Amino acid sequence: MAESYEITCSCGDVRVRLSGVPRVRGHCHCNACRTVLNVPYHSVTAWNPDQVEVTSEPDRLVTFQHPDFAIKKVFCAGCGEVLYNTNKMDWRVVSQLLLSKSIGHLPPELSSLSHFHYAARIVDVNDDLPKKD
Ligand SMILES: [Zn+2]
Ligand SMILES: [Zn+2]
């Protein structure tokens with residue numbers, strides 16, 4: 001059975017359905033995530049483009065191409081909340097926090113399996129997950 005999950009922004013204008021199993025789920029410590037999103041690290045699920053479907057009016061979505069990184073931010077025109085960002089493979093990178101907020105909890109099958117780009121970190125994390133560079 002294929003799972004699907006719906007994420008929505010704070011104002012509710014944008015709804016996005018994610019289907020299937022994410023390619024990647026983990027805590028990303030790369031400089032690009034940190035710089036573009038102003039976070040110490042980015043707790044993510046990453047999906048192929050064909051797993052991600054905008055189910056609300058498409059004109060409410062705004063795409064911003066970052067000038068320095070191969071990352072686009074895709075956010076709501078009404079409330080500014082980022083629904084996902086893309087990476088250089090054009091995967092859709094969805095925050096675990098947004099999933100948690102939208103669903104009411106973070107489903108265990110979407111939680112992090114590892115830390116990656118850990119050598120680029122600015123904070124140490126003392127948990128039992130594998131740390132990959
Ligand atoms: Zn919104
Ligand atoms: Zn990253």
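H117 is found in the segment after β10, which covers 114-116; strands here are DSSP runs of E of at least two residues, helices are runs of H or I of at least four, and both are numbered from the N terminus. The phi of H117 is positive, about 55°, although H117 is not a glycine. Is H117 buried or exposed? H117 is buried, because 20 other C-beta atoms lie within 10 Å. The term buried applies at 20 or more other C-beta atoms within 10 Å of a residue's own, exposed at 12 or fewer, and partly exposed in between, with C-beta atoms placed from the backbone.

Before I continue, a word on the source. This is a predicted model, in which local features need pLDDT of at least 70 and side-chain atom pairs count only at pLDDT 80 or more, while totals for chains, interfaces and linings use all residues. Residues are numbered from 1 along each chain as its sequence is written, and chains are lettered from A and ligands numbered from 1 in the order in which they are written.

N38 sits in the loop between α1 (31-37) and β4 (42-47). N38 counts as exposed, because it has 7 C-beta neighbours inside 10 Å.

Let me turn to the overall architecture. The protein has two helices and ten strands. Read from the N terminus, the order of elements is β-β-β-α-β-β-β-β-β-β-α-β. The radius of gyration, taken over C-alpha atoms, is 14 Å, close to the 14 Å that the globule rule gives for 133 residues, so the protein is as compact as a globular protein of that length. That rule is 2.2 Å times the number of residues to the power 0.38. Along the principal axes, the C-alpha atoms fill a box of roughly 40 × 40 × 25 Å. Of the 133 residues, 28% are buried.

Which residue in β8 stands opposite V74? That residue is Y84. Five residues lie between β7 and β8 in their hairpin, where G80 takes a positive phi near 80°.

β8 also pairs with β9 (residues 92-95), in the antiparallel sense and over two bridges. Here T86 has R92 of β9 as its bridge partner. The hairpin of β8 and β9 has five residues between the strands, and D90 takes a positive phi near 70° there.

Conventions
Two strands pair if DSSP finds at least two bridges between them.
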